[in-house]
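Here's a short tour of a few spots in one model. Have a look at the sequence and the fold first, then read on.

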Amino acid sequence: MDKNDNSYVRYSRTSVSATCLMIHQGRSYMMDVNNVSASGILLKALEDNSHQELAIGSRCVLEIVVNDTFNFNVEAEVIRFQDKKIALRYTEIPEDKQVALWQLLGEHVHLIEKVDT
């Protein structure tokens, strides 16, 4: 392995048309889902100030709503901010919600991608 190689692999992301209700310390925020993977999610804040109280390491509950009959919830931790986008890694996926996540990911559930830093 090249010591100068600053790349790493992560689970493949897929774009999803969905909304997300983020709950953090008793407050709730509506977000758009930008993309999801088997290990995390990238959300876009709908309001400029909707994530001011969040910090790296903040733990949240996410209710992801894909349509009227398909939604699921996960627990997640904030790992990155960029403009109005918030990246979170899943910390807990209830066993009964795992199948819903895998269905949403489709073929991306087992794929990985190389990321250059």
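Is Asn-35 buried or exposed? Asn-35 counts as buried because its relative accessibility is 12%; buried here means under 20% relative accessible area, exposed over 50%, and partly exposed in between, with a 1.4 Å probe and protein chains only. Keep in mind that this is a predicted model, where local features need pLDDT of at least 70, side-chain atom pairs count only at pLDDT 80 or more, and totals for chains, interfaces and linings use all residues. Residues are numbered from 1 along each chain as its sequence is written, and side-chain values use heavy atoms, with hydrogens and water left out.

Asn-35 sits in strand β4 (residues 27–36); strands are DSSP runs of E, at least two residues, numbered from the N terminus. Setting aside neighbours within four places in sequence, Asn-35 is in contact (heavy atoms within 4.5 Å) with Arg-13, Thr-14, Ser-15, Ile-41 and Leu-42.

Now for the cysteines. The structure holds 0 disulfides, a disulfide being a pair of cysteine sulfur atoms within 2.5 Å.

| Cysteine | Relative accessibility | Closest cysteine sulfur |
|---|---|---|
| Cys-20 | 0%, buried | Cys-60, 8.9 Å |
| Cys-60 | 4%, buried | Cys-20, 8.9 Å |

The sulfur of Cys-20 is too far from that of Cys-60 for a bond.

As for the strands, β3 (residues 19–24) runs antiparallel to β6 (residues 59–67), joined by 5 bridges; two strands pair if DSSP finds at least two bridges between them. Cys-20 has Ile-64 of β6 as its bridge partner. β6 also pairs with β7 (residues 70–82), antiparallel over 8 bridges. A hairpin of 2 residues links β6 to β7, and Asn-67 stands opposite Phe-70 in β7.

Note on methods:
Helices (H or I, at least four residues) and strands (E, at least two) are DSSP runs, numbered from the N terminus.
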